[in-house]
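Q: Please take one part of this model and go through it closely. Define the terms as they come up.

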Amino acid sequence: MSTLDTPTLLDVIRASRVVAVIRGDSAEHAADAARILFREGIRLVEIALTTPGTLDAIASVVPDVPAGSYLGAGTVLTLEDVDAVIAAGATFIVTPAVTEAVPYAAGLGVPVLAGAFTATESYEAWRQGAAAVKLFPASAVGPGYLKALTEPFPDIPFLAVGGMGLEQLPQYVAAGALGIGAGGPLVGNGARGGSADGLAERARAFVSAARELEEPR
């Protein structure tokens with residue numbers, strides 16, 4: 001199993017701009033979607049614990065993760081969740097809020113993308129050891145809000161998540177985000193038995209769009 005540290009995770013986000021978010025209807029469909037995303041050049045994929053059989057999906061995909069790409073687990077809430085997803089093979093975790101999983105995983109040396117919405121939550125997530133703050137749901141406030149957060153917290157890396165599609169990618173990077181977390185607009189029904197070709201096409205479009213972006217300020 002590949003290991004991952006915080007500097008490497010941030011470098012990969014900065015280079016690839018996209019973290020794919022899979023919420024599937026079964027372990028098999030989620031695993032199939034993850035393999036397609038990796039194959040098409042998406043370097044960071046999280047499978048949410050709201051997917052039935054998430055741990056089985058993670059374990060089955062681990063041997064197929066390309067070098068330089070990483071598989072994580074999302075919607076991680078508790079200490080038990082952290083232990084379970086790490087045992088399954090996840091190399092980073094994502095939370096929807098500042099939960100007890102943040103300092104626990106950080107203490108284990110596992111990078112955390114910690115969900116936050118306000119300035120207070122963002123600072124607390126960072127203080128507790130988050131590798132980056134996942135602004136969620138970013139679509140509820142827009143890129144201007146993220147830019148405002150980066151001004152008092154220039155050292156906190158931000159990832160915009162929630163309703164992020166191809167149009168939003170350059171907007172949020174221009175506002176100061178390292179990248180975006182993309183669920184529905186990228187994965188669509190690909191993790192629920194939908195078209196594999198459609199998923200592959202969307203993944204290629206996101207990879208292409210990310211390559212066109214300049215380094216964040």
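A: Two strands count as paired if DSSP finds at least two bridges between them. Strands (E, at least two residues) and helices (H or I, at least four) are DSSP runs, numbered from the N terminus. The model is predicted, with local features needing pLDDT of at least 70 and side-chain atom pairs pLDDT 80 or more, while totals for chains, interfaces and linings use all residues. Residues are numbered from 1 along each chain as its sequence is written, and side-chain values use heavy atoms, with hydrogens and water left out.

Eight strands form a closed barrel in the order E1-E2-E3-E4-E5-E6-E7-E8, with parallel pairing. From one strand to the next, the twist averages 25°; angles run from 0 to 180 degrees between N-to-C directions, and axes are lines fitted to C-alpha atoms, for helices over the stretch in contact.

Start with E1 and E2. These two strands pair in the parallel sense over four bridges, and Glu46 in E2 is the bridge partner of Val21. Five of the five residues of E2 are buried, where buried means under 20% relative accessible area, exposed over 50% and partly exposed in between (1.4 Å probe, protein chains only). Leu44, Glu46 and Ala48 point one way from E2, and Val45 and Ile47 point the other way.

Ala160 stands opposite Ile180 in E8.

Ile180 also belongs to the largest nonpolar core, of 62 residues. A nonpolar core is a set of buried Ala, Val, Leu, Ile, Met, Phe, Trp, Tyr and Cys residues joined through side-chain atoms within 4.5 Å. Ile22, Leu37, Ile42, Val45, Ile93, Ile180 and Leu186 touch the most other members. Helix H2 (residues 27-39) gives the largest share of this core, eight residues. Apart from it lies another core of 16 residues, including Val12, Tyr70, Phe92 and Leu113.

Contact means heavy atoms within 4.5 Å. Not counting residues up to four places away in sequence, Leu186 touches Val18, Ala20, Leu37, Ile42, Leu199, Arg202, Ala203 and Phe206. Leu169, in helix H8, counts as buried because its relative accessible area is 0%. Leu169 and Ala210 are 41 residues apart in sequence and 7.7 Å apart in space, C-alpha to C-alpha. Val173 also lies in H8 (residues 168-174) and counts as buried at 6% relative accessibility.

Arg17, in the loop between helix H1 (6-16) and strand E1 (18-22), has a positive phi of about 70° although it is not a glycine. Its relative accessible area is 1%, so Arg17 is buried. Thr75, in the loop between strand E3 (70-74) and H4, has phi near 55°, again positive in a residue other than glycine. Thr75 is buried, with a relative accessible area of 17%. Thr51 lies in the loop between strand E2 (44-48) and H3 and is buried at 3%. Leaving aside neighbours within four places in sequence, Thr51 is in contact with Ile22, Arg23, Gly24, Ser26 and Ala30. In the loop between strand E6 (132-135) and helix H7 (143-150) lies Pro137; a cis peptide bond joins Phe136 to Pro137, with omega of about -5°.

The last item is a helix pair. Helix H3 (residues 54-61) and helix H4 (residues 79-88) pack at an angle of about 30°, with axes 8 Å apart. H3 and H4 are therefore roughly parallel to each other; angles under 35 degrees count as roughly parallel, over 145 as roughly antiparallel, 65 to 115 as roughly perpendicular and the rest as oblique. Leu55, Ile58 and Ala59 of H3 make the contact with Ala84, Val85 and Ala88 of H4. These residues divide into six nonpolar, no polar and no charged. Here Ala, Val, Leu, Ile, Met, Phe, Trp, Tyr, Cys and Pro count as nonpolar, Asp, Glu, Lys and Arg as charged, and the others, Gly among them, as polar.
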